[in-house]
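Please view the sequence and the model first, and then follow the description below.

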Amino acid sequence: MSEDSDFREVEQLIKSFIEEARLELRQRWEKWTIDLSQNEIHEVVGALLARQVTLARQMAQCPTIWNGHIAPIILRAMADVFISLTWVLKDPLERSRKFVLYGLGQAVLQFEHRKAQIADREPTGEEKMLIEASEAWINSQRFSFLTDVNVGSWSGISTRQMAEEAGCLDFYNYVYNPFSACVHSMWHHVARYNLRQCANPLHQYHQVPEDPDFPIDPYNFYLSAKYLEKTFHAFDEKFSIKVDAPSAYEHLCEGLDKLSKSQNEELAMPAESNPSEPETT
Ligand SMILES: [Zn+2]
């Protein structure tokens, strides 16, 4: 993907994808009948849907991160959103409340830590502003079910169990779990992405550290669009919602197909040698 014309086509794909993803989100919100007596469901589900659009958009806007060093960090975050959302949708009222309670508990903890850190001195102007803003946000949470803050795990179970209960264990095994290696910089990631064999045969083929560049791979963009589509689909199915907006994901697939066909036609041209990424699961 080095030709100028290809790049312009990808730019156009990115632009349309973002516009369509945002339109899809807006239409879903407009078509959803809001019940203010259960507002926590609407705010939690709405926020998670919007978060997924944000993550997919950020991926779309940054082709320089479409590689195995960074893209999996975003994709793993999207997998988290998908698993949380599908788990919440199985029992929306109770689980939305759990989601809010846990997040608020964490916010209160951070607030207390920050206060303790400066307990024996005058806070700076900036610290004072931060503390007041945190306190104001916590106090602005007016859900009627809030009686106490909970500082345990938000769902009370592991992500794997959540995925199992939500019926998406495959997604956990084949998406969430493999991408965790990159997120946590584990051995099976860093050994493949940040080591190469030493060229000196006297060194017994040990490995040496490196920070390799990889070519831009639009497959990462495609994956983020696919996870967004799965998230929208889970929402539509639960609340029987059908939007008229075109599918950002389907349009992107068509665009990428066209692009790869035009690239194949140019294959007669000798390609420059590019470093390639290690194979991943
Ligand atoms: Zn060496």
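## Helix packing and the nonpolar core

In this predicted model, α1 and α10 are roughly antiparallel to each other, because angles over 145 degrees count as such and theirs is about 170°. Their axes lie 9 Å apart. On the α1 side, the contact is made by Asp6, Glu9, Leu13, Ser16, Phe17, Glu20, Ala21 and Glu24. On the α10 side, Ala248, His251, Leu252, Gly255, Leu259 and Gln263 take part. An α-helix has 3.6 residues a turn, so residues three or four places apart point the same way.

A second pair of helices is formed by α3 and α9, whose axes come within 10 Å and cross at roughly 10°. That angle makes α3 roughly parallel to α9. From α3, the residues Ala71, Ile74, Leu75, Met78, Ala79, Val81, Phe82, Leu85, Thr86 and Leu89 meet α9. Their partners in α9 are Asn220, Leu223, Ser224, Tyr227, Lys230, Thr231, Ala234 and Lys238.

The two contacts divide by residue class as follows.

From its first C-alpha to its last, α3 reaches 27 Å, close to the 27 Å expected at 1.5 Å a residue.

The largest nonpolar core holds 52 residues. Within this core, the residues with the most contacts are Phe17, Val45, Leu75, Met78, Ala79, Ile83 and Ala225. The elements that contribute two or more residues to the core are α1 (4-31), α2 (39-61), α3 (71-89), α4 (92-117), α6 (159-165), α7 (169-183), α9 (219-239) and α10 (248-265). The largest share, 12 residues, is supplied by α3. Beyond its neighbours within four places in sequence, Phe17 is in contact with Ala60, Ala225, Ala248 and Leu252.

The protein as a whole has 10 helices and 2 strands. Read from the N terminus, its elements follow the order α-α-α-α-α-α-α-α-β-β-α-α. Of its 281 residues, 25% count as buried. Among contacts with a separation of 6 or more, 78% join residues 24 or more positions apart. Taken along the principal axes, the C-alpha atoms fill a box of roughly 65 × 55 × 40 Å.

Terms used
Residues numbered from 1 in each chain as written. Predicted model: local features only at pLDDT ≥ 70, side-chain atom pairs only at ≥ 80, totals over all residues. Core = buried A, V, L, I, M, F, W, Y, C linked by C-beta atoms within 7 Å. Buried ≥ 20, exposed ≤ 12 C-beta atoms within 10 Å, placed from the backbone. Helix = DSSP H or I, 4+ residues; strand = E, 2+ residues; numbered from the N terminus. Contact = placed C-beta atoms within 7 Å. Axes fitted to C-alpha atoms, helices over the stretch in contact; angles between N-to-C directions. Parallel < 35°, antiparallel > 145°, perpendicular 65-115°, else oblique. Expected span 1.5 Å × (residues − 1).
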